[in-house]
Amino acid sequence: MTARILVVDDVEPNVRLLEAKLTLEYYEVMTACDGATALEIASEERPDIILLDVMMPGMDGFETCRRLKADPVTRHIPVVLVTALDGREDKIKGLDAGADDFVTKPIDDVILFARVKSLVRLKSVMDEMREREETGRRIGVDTDGAGRLRGLGGRVLIVDDNARQSKMMIEHLSTEHRTMVETDQAAALIAARGPIDLMIVNVSSSEFDGLRFVAQVRSTEAARRTPILAVVDPADRPRLVKALELGANDILPRPVDPEELQARARTQVKRKRYADFLKEKLDYSLEMAVTDALTGLHNRRYMAGQLQALVSRAGQGGDVVAVLVMDIDHFKLVNDGFGHDAGDEVLREFAVRLATNVRAIDLPCRFGGEEFVVVMPGATLEDATRVADRIRRDVAAQPFPIMGGEEGLTITVSVGVAATSGPDDTPEALLKRADEGVYEAKGRGRNQVIARAA
């Protein structure tokens, strides 16, 4: 899996060395010599990963990282801090600034490429959700709020048979998160399917195969995108690299430093919250694309797709399908006499009465304005006519409350009914027959149901 990588370092030989190594692995490399230029390139080019040197004059790597993560345009880009500093304070400072990982100079090529591949996989998933989120934004769905997400209060599952180590992790994580421990691999797999924000796995466990557990989690649909923090001895390079290859999101070196544990946990929980936020907005965007915002019924677009499939199936020998087309009588007088807010109240109440008088398998939709359609799979013309008359009677039976319930309006509806008649029938012909029934009902004085056979 290739990627576009931005290398940021004020020392030219360091930049060229990293550029050469990454290019040999078929990555596309961009370069910057200072933090300000890096911010500009990141905003314009949107690289897949940023390798950012810490020690730079002017704006150092910590501040550059902090600004990248504060900008909605670049906050999703993984940042790996490249540093000659190996002190815990600098590492924690970098994590608190939003860094996704660290690489220490001199750079270990195997570790570097393992980390890069791991982060590229993560970003590809995030990019897909962000693209769909952007689609939602274009159609008017609110997608604000990501900048307010925090990395606290997560549900953390610790999978570790080392009692002393797990006890220490619980002690230091419980001040910020809700924690639970599993020492058995099978029990841990069951727990991983629940609502978990982070898994911390001892991949050097003596009682179970930690690497196999990571692989099993990544093959489970319910836990596939849950962040995994792998606890491993940094000197055990093969195990460390394998953990990243199998899908671990981050490495927590042994012996575990409490502050580094807290910082890495916050980073991963915040990332999980961001992924959940994007998914929630995506789901909402998809729902809004097929739902009428005023009434909560399905919209015309969704109805057209479903009706096309049902009519095609009926034409090939499947069950008949009927449609009801309804038009609220004298609706313009409601808007003109009481205002559009009252009109909206009538439409919402009509949708409730409509939905409560059709079958569970029927599809009530708002077609547009004061026009509604019900698609009825498996219903004959006679069945549909009976349902239409039930709707008509319920609409006329009780006044519609408007102006917050202070007034009541008597509302009636004219309904046209049609059903498929053979292999040559089409959705357009079906709706046209039902629509002709509506016009006939209105011509006969309204508040009527007219069925039109083919």
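The buried residues of helix H12 (331-338) pack against strand S11 (321-328), helix H13 (340-355) and strand S15 (407-409). Contact here means heavy atoms within 4.5 Å, and buried means under 20% relative accessible area, exposed over 50% and partly exposed in between (1.4 Å probe, protein chains only). Helices (H or I, at least four residues) and strands (E, at least two) are DSSP runs numbered from the N terminus. The model is predicted: local features need pLDDT of at least 70 and side-chain atom pairs count only at pLDDT 80 or more, while totals for chains, interfaces and linings use all residues. Residues are numbered from 1 along each chain as its sequence is written, and side-chain values use heavy atoms, with hydrogens and water left out.

**Helix H12**

Phe-331, Val-334 and Asn-335 are the buried residues of H12. Seen down the helix axis, they fall within an arc of 90 degrees, so they line one face of H12; the arc is that of the directions from the helix axis to the C-beta atoms. Lys-332, Leu-333, Asp-336 and Gly-337 are exposed on the face turned away from this buried side. Just after H12, Gly-339 has a positive phi of about 100 degrees.

**Strand S11**

Eight of the eight residues of S11 are buried. Val-321, Val-323, Val-325 and Asp-327 point one way from the strand, and Ala-322, Leu-324, Met-326 and Ile-328 point the other way. The pairings of S11 are tabulated below; two strands pair if DSSP finds at least two bridges between them.

| Partner of S11 | Sense and bridges |
|---|---|
| Strand S13 (371-377) | antiparallel, seven bridges |
| Strand S16 (413-419) | antiparallel, seven bridges |

Within these pairings, Asp-327 stands opposite Glu-371 in S13, and Val-323 stands opposite Ala-418 in S16. Asp-327 is buried, with a relative accessible area of 14%. Not counting residues up to four places away in sequence, Asp-327 touches Glu-370, Glu-371, Val-413, Ser-414, Val-438 and Lys-442.

**Nonpolar cores**

A nonpolar core is a set of buried Ala, Val, Leu, Ile, Met, Phe, Trp, Tyr and Cys residues joined through side-chain atoms within 4.5 Å. The largest has 33 residues, of which Leu-324, Met-326, Val-346, Phe-350 and Leu-354 touch the most other members. At least two residues of this core come from each of S11, H12, H13, S13, helix H14 (381-397), strand S14 (400-402) and S16. Leaving aside neighbours within four places in sequence, Leu-324 has contacts that include Phe-372, Val-374, Ile-391 and Val-417. Another core, of 27 residues, lies apart and includes Ala-114, Phe-208, Ala-230 and Val-241.
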